[in-house]
Amino acid sequence: MTSKENPDAHMITVEDAQRIILERACPTPIEQVPTWLAAGRPLAEDVATDIDLAPFANSAMDGYAVRAQDLAAAEAGAPVELEVIGHEAAGHVFEGAVEPGTTVRIMTGAPVPEGADAVVKYEIVEVLEGDGNEGSRVCFAAPARVGDNIREAGLEAKRGEVVMHAGEVVTAAGAGLLANAGKATVAVHRAPRIGIVSLGTELVDAGTVPARGQIRDVNAPALMAAARDAGAEATFYGIAPDDEERICELVRRAAAECDLVVTSGGASAGDYDYVTALVEREGEVQFDRISMRPGKAVTFGMLGNTPFFGLSGNPAGAFIGFELFVRPAVRKMMGHAELFRPVQTARVAHDVKKRQERRFYNRARVERRSDTGELEVTQAPTQNSAMLVDLHRGNCLLVMPDGVGGAKAGDEVSVLRYDLPEGAVL
């Protein structure tokens, strides 16, 4: 590129940028973690159960285990009486068998005793003698069908059957299912390690009162939080001043120690922007401009085998750049099938102006109208990319597509929901 050439001439579309990134985002190594710690992560391998689930036929409720044929003639005017010969609770097995004319008091989850083929719930059985337990006599005023209130062995899964496939995200209930299948630990892709570096001599940390010409570094905590929310482990490598040697030192160290590197700032066309030059010299630059607003100055490349993202220094641009490009890469590295936040259609509450060809991602909030039930989106009053308050209070990005032209009040528009997880059913 010559010194007079417009750098925006090299801009690519959002979709092309995402495709290039995902082609180079490789799964992280597989590790074994305790089953409960796998919640929220996709399995790296199929899991089959080592036993039938459930391992034995058991009672679905408190009641009496009976032979259905003994109650075939039971009715209100001529109830059938049976002798209670045992009491079975979960964890306590009745060793005998239910013979003709007998029944066993049974608790929910207890194994159905030999000879019984139905369970009658406790509330509809009348106790004639005793306390209803062993040694009592009880009567039944209605017949029972074979299988009533019995959960058969293997109802959930048979031994050797896959209960959860690779790529399925483990839920809290799924953690219990995996434990029931005999898995104290499961295989998942290791959480990607993200190294984060803030660039700019003007930056100070949150605990410092800025002097004239200084600003607090807001991008690092926002990006660290975004990385954690995506399922990654983030490490902050510090603030680098506008010094090429110091920037190179921090980025090299992060690239050597992490699976992915993210910088913010130093990614435009100013006199002190060294990010793209660094990646060109020590790796491979894939692109450095995306046709979008805010945050068009996104550098993506590879430093060896480590993906590198140079995001805008503007807080809104950095946040949106992470959402659109870094987060999908993190999710692919973890083995997720759903990579992108959900997009909805809503009616815009007001006119929206747009006089540039680039795609706009306007900070906004979408809500459902109480009168019509329709989704309505209202964009923030200011679209200042130095501000994070509207991203904090909003819940979506109002997407204005490529090309000149805005929207009129009442028009249908697309909204990207950064408050909802990927794969959410809308």
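Biologist: Which residues in α4 meet residues in α5?

Modeller: On the α4 side they are E244, I247, C248, V251 and R252, and on the α5 side L278, R281 and E282. Sorted by class, this contact of α4 with α5 has 4 nonpolar residues, no polar ones and 4 charged ones. Keep in mind that this is a predicted model.

Biologist: At what angle do α4 and α5 pack?

Modeller: The angle between α4 and helix α5 (residues 275-282) is about 60°, and their axes are 11 Å apart. That makes α4 oblique to α5. The crossing in which α4 passes α5 is right-handed.

Biologist: How does α1 cross α6, and at what angle?

Modeller: Helix α1 (residues 14-24) and helix α6 (residues 315-334) have axes that come within 10 Å and cross at roughly 30°. Angles under 35 degrees count as roughly parallel, and so α1 is roughly parallel to α6. The crossing of α1 past α6 is right-handed.

Biologist: Which residues in α1 and α6 meet?

Modeller: From α1 there are V14, A17, Q18, I21, L22 and E23; from α6 there are L324, F325, P328, A329 and K332. The contact of α1 with α6 divides into 8 nonpolar, 1 polar and 2 charged residues.

Biologist: Which residues in α1 are buried, and what covers them?

Modeller: V14, A17, Q18, I20, I21 and L22 are buried. The cover over the buried residues of α1 includes helix α6 and several strands, among them β18 (284-287), β20 (299-303), β21 (306-311) and β23 (359-368).

Biologist: Now the charged pairs. How many salt bridges does a search of the whole structure find?

Modeller: The search finds 24 salt bridges. The pairs can be read by where the partners lie. One kind sits within a single helix. An α-helix has 3.6 residues a turn, so residues three or four places apart point the same way. R246 and E249 are a case: both lie in helix α4 (residues 244-257), 3 residues apart, about one turn of the helix. Their closest N and O atoms are 2.9 Å apart, and the two form a salt bridge.

Biologist: Which residue forms a salt bridge with R347?

Modeller: The partner of R347 is E412, with the closest N and O atoms 3.7 Å apart. R347 lies in strand β22 (residues 343-348) and E412 in strand β26 (residues 412-416), so this pair ties together parts that are 65 residues apart in sequence. R347 counts as partly exposed at 31% relative accessibility, while E412 counts as exposed at 55%.

Biologist: And which residue forms a salt bridge with E376?

Modeller: R369 does, and the closest N and O atoms of this pair are 3.1 Å apart. E376 is partly exposed, at 25% relative accessibility, and R369 is partly exposed, at 34%.

Biologist: Which residues are linked in a network of salt bridges?

Modeller: The network links D229, E323, R327, R331, R341 and E422.

Biologist: Turning to the backbone, which residues does a cis peptide bond join?

Modeller: Omega is the angle to read. For the bond that joins L53 and A54, omega is about 0°, and the bond is cis. A54 is placed in the loop between β2 (47-48) and β3 (58-59). The bond from R293 to P294 is also cis, with omega near 0°, and P294 lies in the loop between β19 and β20.

Biologist: Where does N149 lie, and what is its phi?

Modeller: Phi of N149 is near 60°, a positive value in a residue other than glycine. N149 lies in the loop between β9 (137-140) and β10 (150-151). At 27% relative accessibility, N149 counts as partly exposed.

Biologist: Last, T263. Is T263 buried or exposed, and what does T263 touch?

Modeller: T263 lies in strand β17 (residues 260-264). Buried means under 20% relative accessible area; T263 has 1%, so T263 is buried. Leaving out residues up to four places away in sequence, T263 touches V197, L199, V251, V275, F308, F309, G310 and L311. One of these, V251, belongs to the α4 residues that meet α5.

Terms used:
Residues are numbered from 1 along each chain as its sequence is written. This is a predicted model: local features need pLDDT of at least 70, side-chain atom pairs count only at pLDDT 80 or more; totals for chains, interfaces and linings use all residues. Side-chain values use heavy atoms; hydrogens and water are left out. Axes are lines fitted to C-alpha atoms, for helices over the stretch in contact, and angles run from 0 to 180 degrees between N-to-C directions. Helices (H or I, at least four residues) and strands (E, at least two) are DSSP runs, numbered from the N terminus. Angles under 35 degrees count as roughly parallel, over 145 as roughly antiparallel, 65 to 115 as roughly perpendicular and the rest as oblique. A crossing is left-handed if the near helix is turned anticlockwise from the far one by less than a right angle, and right-handed if clockwise. Contact means heavy atoms within 4.5 Å. Ala, Val, Leu, Ile, Met, Phe, Trp, Tyr, Cys and Pro count as nonpolar, Asp, Glu, Lys and Arg as charged, and the others, Gly among them, as polar. Buried means under 20% relative accessible area, exposed over 50%, partly exposed in between (1.4 Å probe, protein chains only). A salt bridge is a side-chain nitrogen of Lys or Arg within 4 Å of a carboxyl oxygen of Asp or Glu.
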